[in-house]
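These are my notebook entries on a structure that I examined element by element. I began with the overall order of the chain and then turned to individual residues.

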Amino acid sequence: MTISKNILVFTGSRADYGILKPLIKALEVNNLTTPSILITGSHFGEANSVKEIKESHKCLLHEVRIPLKNNKHSDISHNMAEALNLFSDVLESNSYDYC
């Protein structure tokens, strides 16, 4: 008996999604894998590409919006910490074999 592997693919921009899209498609048709996609970053910007991803894939999608503060130099590290917390929530609530 073969067990399907749960794989989470992170995408944070149209640029990396363009590279990852064929891989995600291949994972979707492979009986040995169950892909999910974590959508974050500039996908939620002005050229909102979340709709394109939703229309292109039937797998589980996680949308992680990262609130950005840009008032002080330390805000960059705070933004990164918040992103890691939000990503950790997704990872903790699902059982992924690979990310």
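**Entry 1: order of elements.** I read the elements from the N terminus on and found that they run β-α-β-α-β-α. The secondary structure comes to 3 helices and 3 strands. I note that the model is a predicted one. I then looked up the extent of the C-alpha trace, which spans about 55 × 30 × 15 Å along its principal axes. Of the 99 residues in the protein, 31% are buried.

I then followed the pairing of S1 with strand S2 (residues 33–39), which is parallel and extends over 7 bridges. The bridge partner of asparagine 6 is threonine 34 in S2. Phenylalanine 10 stands opposite leucine 38 in S2. How many residues of S2 are buried? I found that 6 of its 7 residues are, and S2 is thus mostly covered.

**Entry 2: helix H1.** H1 has 16 residues and reaches 22 Å from its first C-alpha to its last, close to the 22 Å expected at 1.5 Å a residue.

Where does H1 bend? I found a bend of about 45° at leucine 20, with proline 22 following within four residues.

Which residues of H1 are buried? I listed Tyr17, Leu20, Ile24 and Leu27. The buried residues of H1 pack against S1, S2 and helix H2 (50–56).

**Entry 3: helix H3 and the aromatic pair.** I then searched for aromatic pairs, and the count comes to 1. The pair consists of phenylalanine 10 and phenylalanine 87, placed edge-to-face at 5.5 Å centre to centre, with 85° between the planes.

Why does this pair tie together parts that are 77 residues apart in sequence? Phenylalanine 10 lies in strand S1 and phenylalanine 87 in helix H3, so the pair joins these two parts. I checked the accessibility of each ring-bearing residue. Phenylalanine 10 counts as partly exposed, at 32% relative accessibility, whereas phenylalanine 87 is buried, with a relative accessible area of 16%.

I also looked up glutamate 82, which lies in helix H3. Glutamate 82 is partly exposed, with a relative accessible area of 31%. Glutamate 82 and histidine 62 are 20 residues apart in sequence, and their C-alpha atoms are 16 Å apart in space.

**Entry 4: lysine 54.** I located lysine 54 in helix H2. Is lysine 54 buried or partly exposed? The relative accessible area of lysine 54 is 42%, so it counts as partly exposed. Not counting residues up to four places away in sequence, lysine 54 touches Leu61 and Glu63. I also checked aspartate 16: aspartate 16 and lysine 54 are 38 residues apart in sequence and 16 Å apart in space, C-alpha to C-alpha.

**Entry 5: glycine 41.** I found glycine 41 in the loop between S2 and H2. Its relative accessible area is 40%, and glycine 41 is therefore partly exposed. Which residues is glycine 41 in contact with, leaving aside its neighbours within four places in sequence? I recorded Gly12 and Val64. The C-alpha atoms of glycine 41 and valine 64 are separated by 7.9 Å, and the two residues are 23 residues apart along the chain.

Notes:
Residues numbered from 1 in each chain as written. Predicted model: local features only at pLDDT ≥ 70, side-chain atom pairs only at ≥ 80, totals over all residues. Heavy atoms only, no water. Pairing = 2+ DSSP bridges. Expected span 1.5 Å × (residues − 1). Bend = angle between axes of the 7 residues up to and from the residue. Buried < 20%, exposed > 50% of the residue type's maximum accessible area, 1.4 Å probe, protein only. Contact = heavy atoms within 4.5 Å. Phe/Tyr/Trp six-rings, centres within 6.5 Å; stacked < 30°, edge-to-face > 60°.
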